[in-house]
Each structure stands twice: as structure tokens, then as C-alpha cells.
Amino acid sequence: MRTAGIFLRAFLAGIMISIGGAVYLASQVKIAGAFLFGVGLFIILCRGYALFTGAVGYALTNDRRTNFELPVILAGNLAGTAACGYAVRLTRLGAVADAAEKACSVKLEDGLLSAFILSVFCGVLMFAAVDTFKKQEHGILKTAAVFFCVAAFIVAGFEHVVANMFYFAAAGMFRRPEVWLKLLVMAAGNSVGAMLVNGAETAAAGFTKITKGNPS
């Protein structure tokens with residue numbers, strides 16, 4: 001039952017990311033669309049949905065059972081984004097599907113190393129957004145962290161695996177095997193970026209305690 005609940009919360013997260021992605025693709029002013037994309041992550045964090053890129057950063061500090069749930073979360077995100085992506089193709093929002101096809105063509109032409117590095121940068125920003133939202137008590141600051149971090153990774157062209165799941169679905173490209181390879185690379189990059197920040201912060205906190213306890 002717990003696994004089913006996690007999958008459903010991940011499915012809902014996939015829907016929210018898809019809505020953010022659709023808004024971005026439909027926007028005539030890309031900087032505005034980049035900020036509005038943040039609505040998806042903001043709702044996910046407020047409602048307690050399960051997003052892979054928001055959860056994987058804690059893998060180094062989580063217990064084993066929690067980490068075993070990460071593939072379930074990723075699968076739920078995929079189901080939610082795939083459902084939304086293909087649903088969009090059945091609507092009058094042809095501009096969204098067209099924009100998705102153009103964006104995905106660029107992503108598929110990119111090399112694997114490039115995709116991985118861009119995904120690492122995105123993972124850094126995603127962990128910063130999620131962890132700041134969780135730890136910051138001031139409502140304005142935690143909200144700003146979400147919207148600015150999301151806008152930053154979009155404007156920079158960094159790769160977010162769940163958002164790309166929606167883009168590839170909206171572009172109708174899931175049948176192409178290279179799409180799945182790119183998604184795996186992006187998932188790995190997002191994971192490394194997020195865990196890198198969390199791991200470095202945890203280590204820094206440990207060193208600080210040691211220094212305080214032993215001034216010499």
C-alpha cells in the first residue's frame with residue numbers, strides 16, 4: 001500500500017511538472033514562461049507530492065528503504081508526464097506540441113557528456129530549491145527559492161529529467177530508443193548534482209563540528 005501511495009503522489013508530481021512545462025512551451029515571452037514553470041514545483045512542495053529530482057538529493061542521508069522508493073517515484077513521474085504529454089497532443093494546443101518537437105530535436109542532437117553535465121547543474125539548482133523550501137521558515141524566501149531556481153535552470157538550458165519526459169511525450173518521441181538513453185543520462189546527472197550539494201553540505205557541517213570541538 002505504501003508503494004502505491006508513493007506512486008500516486010509521484011504521478012501527481014508528473015502532472016504538475018507537465019503543466020509547468022506546457023505553460024513554458026506556450027509562452028510567447030520565454031523569461032515569463034520560465035518563472036511560471038515554477039508553479040509546478042511550488043505545488044508539488046506545498047502538497048507533498050513525490051518528485052524524483054526533489055527526492056534523490058537526500059539519497060546519501062536517507063535509510064535504505066527510502067532509497068528503494070526512488071525508482072517508484074521516477075516511474076510515477078514518468079507515468080504522469082507521459083499521460084499529460086500525449087493528452088496535449090489530442091488538444092488544440094498544437095503550438096505546445098510543435099515547440100516540444102523543436103526542443104526535443106535539440107536535446108537528441110546533443111552529446112551524452114553534454115547532457116550529463118547540463119543535468120548535473122540542474123540537479124544542483126533543484127536541490128537548492130527543494131531544500132531551501134523545506135528549511136527556510138520565511139514564506140517569501142522559500143517561495144522565491146523555488147521560482148528563481150526553476151527559472152534559472154530553464155533559461156540556462158540545463159536538463160531536468162522529469163520535465164524532459166513531458167517534452168518527449170508531447171513531441172510523440174517515446175518510441176525512439178535514443179530518447180530513453182538520454183533520459184537515463186539526465187536522471188543520473190540530476191542525481192549526481194543534487195547529491196553533490198547535499199553531500200558537501202553534510203561534510204562541511206561535520207567539519208565545522210570537529211573544528212568547534214577541537215580548536216587546535
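## Close-up views of a predicted model

**View 1. Where helices H5 and H9 meet.** From H5, the residues Leu74, Asn77, Leu78, Thr81, Ala82, Cys84, Gly85, Tyr86 and Val88 touch Val162, Met165, Phe166, Ala169 and Ala170 of H9. Sorted by class, this contact brings together 11 nonpolar and 3 polar residues, with no charged ones. H5 covers residues 70-88 and H9 covers residues 161-170; their axes come within 7 Å and cross at roughly 35°. The crossing of H5 past H9 is right-handed. Please keep in mind that this model is predicted.

**View 2. Tyr86 and Phe174, an aromatic pair.** The model holds 9 aromatic pairs. One of them, Tyr86 with Phe174, is tilted, with 6.0 Å from centre to centre and 55° between the planes. Tyr86 sits in helix H5, while Phe174 belongs to the loop between H9 and helix H10 (177-213), so the pair links parts of the chain 88 residues apart.

**View 3. An aromatic cluster with a lysine over one ring.** Here you can find Phe42, Phe133 and Phe147, which form one aromatic cluster. Look also for Lys142, which lies over the face of Phe133 at 4.6 Å from the ring centre.

**View 4. Lys30 over Tyr24.** Which residue lies over the face of Tyr24? That residue is Lys30, placed 4.8 Å from the ring centre.

Key:
Residues numbered from 1 in each chain as written. Predicted model: local features only at pLDDT ≥ 70, side-chain atom pairs only at ≥ 80, totals over all residues. Heavy atoms only, no water. Axes fitted to C-alpha atoms, helices over the stretch in contact; angles between N-to-C directions. Helix = DSSP H or I, 4+ residues; strand = E, 2+ residues; numbered from the N terminus. Left-handed = near helix turned anticlockwise from the far one by under 90°. Contact = heavy atoms within 4.5 Å. Nonpolar A, V, L, I, M, F, W, Y, C, P; charged D, E, K, R; others polar. Phe/Tyr/Trp six-rings, centres within 6.5 Å; stacked < 30°, edge-to-face > 60°. Lys NZ or Arg CZ within 6 Å of the ring centre and 35° of its normal.
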